[in-house]
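User: I would like to go through the labels attached to this model and see what each one rests on. Please set the values against the cut-offs.

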Amino acid sequence: MSSHAPMPPQEAADRLAIRELVDAYAHCADRRDAKGQMSLFTEDTRFLVFMDATVAEPTQELHGRESLAPVFDNLNTYRATTHFNGQSTVSVDGDRASGESYCLAHHISFGADADRTIMIASIRYLDEFVRQDGRWLFAERRLLVDWTETRPCSP
């Protein structure tokens, strides 16, 4: 068992708020709340997608909160999604923080039972956070896909 040094209450509160931000992102994605999801980002945010985490250049790079709408709207091409957030790390420095979090994202396609598939993506997010007006937001989010698996899915 590891031991931890005492944590100042403000740092504990910041870490909890950042974890709640990460979880809110997943919740909004699964509920198809694109506007809610977009509100979790700064106006001048950067969002980079790496469909292959081993490649240095992003597959897609978006700048600004409004540019996120089509990406989040793309989830509507699935019948259902479930994002399971896993382990995460965060380092807080005043009103800025950085972190890494893991997620298993399940995407079920539309179609008849015999044609339906489930795609599971193992995702890591590399994040830069900023506190604005007392609220933690994503300043930059890098979505890295480590692997995917697609297989038939029946209810």
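User: What makes strand 3 and strand 4 a pair?

Analyst: This is a predicted model, and the labels are computed from it. Two strands pair if there are at least two bridges between them. Strand 3 and strand 4 (residues 96-108) have twelve bridges, in the antiparallel sense, so they count as a pair by that rule.

User: Why is the contact between Glu11 and Arg15 called a salt bridge?

Analyst: The rule asks for a side-chain nitrogen of Lys or Arg within 4 Å of a carboxyl oxygen of Asp or Glu. For Glu11 and Arg15 the N to O value is 3.0 Å, so the pair meets the rule. Both residues lie in helix 1, four residues apart, which is about one turn of the helix. By this rule the count comes to twelve salt bridges.

User: Why are Glu11 and Arg15 called partly exposed?

Analyst: Buried means under 20% relative accessible area and exposed means over 50%, with partly exposed in between. Glu11 has 26% and Arg15 has 27%, so both fall in the middle class.

User: What makes Arg131 and Asp14 a salt bridge, and where do the two residues lie?

Analyst: The closest N and O atoms of Arg131 and Asp14 are 2.7 Å apart, so the pair passes the 4 Å limit. This pair links distant parts of the chain, with Arg131 in strand 5 and Asp14 in helix 1, 117 residues apart. Asp14 has a relative accessible area of 5%, so Asp14 is called buried.

User: Are Arg65 and Glu43 buried or exposed, and what ties them together?

Analyst: Arg65 is at 18% relative accessibility and therefore counts as buried. Glu43, at 53%, counts as exposed because the limit is over 50%. Their side chains meet in a salt bridge of 2.6 Å, N to O. Arg65 lies in the loop between strand 2 and helix 3 (69-73) and Glu43 in strand 1, so the pair ties together parts 22 residues apart in sequence. Elsewhere, salt bridges that share partners join Arg46, Glu61, Glu140 and Arg142 into one network.

User: How do you know that Thr45 is buried, and which residues is Thr45 in contact with?

Analyst: Thr45, found in strand 1, has 1% relative accessibility and so counts as buried. Leaving aside neighbours within four places in sequence, Thr45 is in contact with residues including Leu62, Leu68, Phe138 and Glu140.

User: What makes the nonpolar surface patch?

Analyst: Phe84, Leu104 and Trp147 make a patch of about 310 Å², and Phe84 is found in strand 3. The rule for a patch takes residues with over 30% relative accessible area and no salt bridge, and joins nonpolar side chains within 5 Å.

Methods
Residues are numbered from 1 along each chain as its sequence is written. This is a predicted model: local features need pLDDT of at least 70, side-chain atom pairs count only at pLDDT 80 or more; totals for chains, interfaces and linings use all residues. Side-chain values use heavy atoms; hydrogens and water are left out. Buried means under 20% relative accessible area, exposed over 50%, partly exposed in between (1.4 Å probe, protein chains only). Contact means heavy atoms within 4.5 Å. Patches are made of residues with over 30% relative accessible area and no salt bridge: like charges are joined within 9 Å, nonpolar side chains (Val, Leu, Ile, Met, Phe, Trp, Tyr) within 5 Å. Accessible areas come from the Shrake-Rupley method with a 1.4 Å probe; for residues, only the protein chains shown count as cover.
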